Amino acid sequence: MSNVSLTRFLLEAQQKGQIDAELRLCITVVSQACRVIANSVNKGALGGVLGDAGTGNIQGEAQKKLDVISNEILLEANAWGGHLAGMASEEMDHSIPVPQHDDDADSRYLLLFDPLDGSSNIDVNISVGTIFSVLKYEGDGTPTDEDYLQPGTKQVAAGYCTYGPSTTLVITVGHGTHAFTLDREIGSFVLTTKNVQIPEETKEFAVNMSNQRFWEKPMQDYVGDMLLGKTGPREKDFNMRWVASMVADVHRIMTRGGIFSYPIDEKVAAKGGKLRLLYEANPMSFLIEQAGGAASTGRGRMLDVQPTGLHQRVPVFLGSKKEVEAAVQYHTDFDNQSK
Ligand code: AHG
Ligand code: MN
Ligand code: MN
């Protein structure tokens, strides 16, 4: 194990010119907020943090107490550094501007987050997480929601933190994907995997199979062929995993490969998909690509999607490169036949 702390890692990235002081501060503050969220998650029933908050978010989803608590922890931690121009969250209707305290700041950033991912798992003691994305703010006044509608290729940093058996922070600033583990005894994140590399091929897929009858035909065919195993066209047996926390499913893929998908289905078609482009799909796609994997909507590279709304949803396919290409091929073939 290395003795490289997140602090040292970020300072070295700044020395190499990969990030500036403001972006270093931004990632540091997010990591500190994640430590605080980890403590709340850890206390569980003892901390009175389980259960419903009794409120709903902009997307009509019931909020859990920990959704609200995590959102507040991230907002408060990031409100005073002077490195941000604003923040947007899955749990808030609109972005909020951050007052500029530091006139000397070279650059200012927009921070977007899914404060607590995997809400349905909170009460049953299964891994949950936080996902974040950082964009540059190019304007000089007060940012509005429009300023956040930048394609994923414009992200300058992204990361997620898993609150599981251990607390793991995985980040990218566009120079590889790196994993840190929280050492609770010393109170800091320590680099545990430098340059994560996702295997190109896999025999493991993650999807909510209960939606099968609502999927489009190419998705039906893709998964159907995987289930046929060795004697089918894919000529290998596949295994399936579905945690229902995107962070946990993606973290497994970071560790041993696989494909994660939340495709379009009849139930979510009107909304464009289930997962959110700016808070979930884009940061995860950036991390996956930086680890040698691929990320697609099924019909195009995720990071190229031009966002049209803060809470826009998209179909998601990400993970081992060759497997994502296989999934996309089913969609391409179907679309060509339907022309
Ligand atoms: P969130 O808790 O932030 O709303 O996200 C939940 C997401 C994602 O983490 C997971 O992959 C997916 O929803 C699970 O959906 P199903 O419950 O439909 O399987
Ligand atoms: Mn989520
Ligand atoms: Mn969430």
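**The metal site and its surroundings**

Author: Happy to! Let's start with the spacing in sequence of the residues that donate to the manganese ion (ligand 3), which is E-x23-D-x1-L.

Reader: Which residues are the protein donors of the manganese ion (ligand 3)?

Author: They are Glu90 (OE), Asp114 (OD) and Leu116 (O), and they lie 2.2 to 2.3 Å from the manganese ion (ligand 3). Donors here are N, O and S atoms within 2.8 Å of the metal (3.2 Å for Na, K and Ca); water is not among the atoms, so sites may look incomplete. Glu90 lies in the loop between β3 (84–89) and β4 (96–97) and Asp114 in strand β5 (residues 109–117), so this pair ties together parts 24 residues apart in sequence. Helices (H or I, at least four residues) and strands (E, at least two) are DSSP runs, numbered from the N terminus.

Reader: Before we go on, what sort of model is this?

Author: This is a predicted model, in which local features need pLDDT of at least 70 and side-chain atom pairs count only at pLDDT 80 or more, while totals for chains, interfaces and linings use all residues. Residues are numbered from 1 along each chain as its sequence is written, chains are lettered from A and ligands numbered from 1 in the order in which they are written, and side-chain values use heavy atoms, with hydrogens and water left out.

Reader: Thanks! Are Glu90 and Asp114 buried or exposed?

Author: Both Glu90 and Asp114 are buried. Buried means under 20% relative accessible area, exposed means over 50%, and partly exposed is in between (1.4 Å probe, protein chains only).

Reader: What coordinates the manganese ion (ligand 2)?

Author: Asp114 (OD), Asp117 (OD) and Glu280 (OE) do, at 1.8 to 2.1 Å. Along the chain, these donors follow the spacing D-x2-D-x162-E. Asp114 in strand β5 and Glu280 in helix α6 (residues 277–290) are 166 residues apart, so to speak a link between distant parts of the chain. Both Asp114 and Glu280 are buried.

Reader: OK, new topic. What surrounds ligand 1?

Author: There are 17 residues around ligand 1, and the closest are Asp117, Ser119, Asn208, Met246 and Tyr262. A residue counts as near if one of its heavy atoms lies within 4 Å of the molecule or strand.

Reader: Which side chains have a polar atom 2.8 Å or 3.0 Å from an oxygen atom of ligand 1?

Author: For Asn208 the distance to an oxygen atom of ligand 1 is 2.8 Å, and for Trp242 it is 3.0 Å. Lys274 also has a side-chain N or O atom 3.3 Å from an oxygen atom of ligand 1. On its own, ligand 1 has 480 Å² of accessible area, and the protein covers 86% of that. Accessible areas come from the Shrake-Rupley method with a 1.4 Å probe; for residues, only the protein chains shown count as cover.

Reader: How many salt bridges does a search of the whole structure find?

Author: The search finds 18. A salt bridge is a side-chain nitrogen of Lys or Arg within 4 Å of a carboxyl oxygen of Asp or Glu. One of them joins Glu204 and Arg256 (2.9 Å, N to O). Glu204 is in strand β11 (residues 204–206) and Arg256 in helix α5 (residues 246–256), 52 residues apart. Glu204 is buried at 10% relative accessible area, whereas Arg256 is partly exposed at 45%.

Reader: And which residues are linked in a network of salt bridges?

Author: Glu61, Glu90, Arg276, Glu280 and Arg313 are. Within it, the closest N and O atoms of Glu61 and Arg313 are 3.5 Å apart. Glu61 sits in the loop between β1 and β2 and Arg313 in strand β16 (residues 313–314), 252 residues apart.

Reader: Last one! What is the strand order in the open sheet of 8 strands?

Author: The order is β4-β3-β5-β6-β7-β8-β9-β10, with mixed pairing. β4 and β10 (188–193) stand at the edges with a single partner strand each, so one side of each has no neighbour in the sheet. Two strands pair if DSSP finds at least two bridges between them. Strands β6 (residues 128–136) and β7 (residues 157–163) pair in the antiparallel sense over 7 bridges, and Tyr160 in β7 is the bridge partner of Ile131.

Conventions: A polar contact is a pair of N or O atoms within 3.5 Å; within protein, one must be able to donate a hydrogen and the other to accept it, and residues adjacent in sequence count only if both atoms are side-chain atoms.
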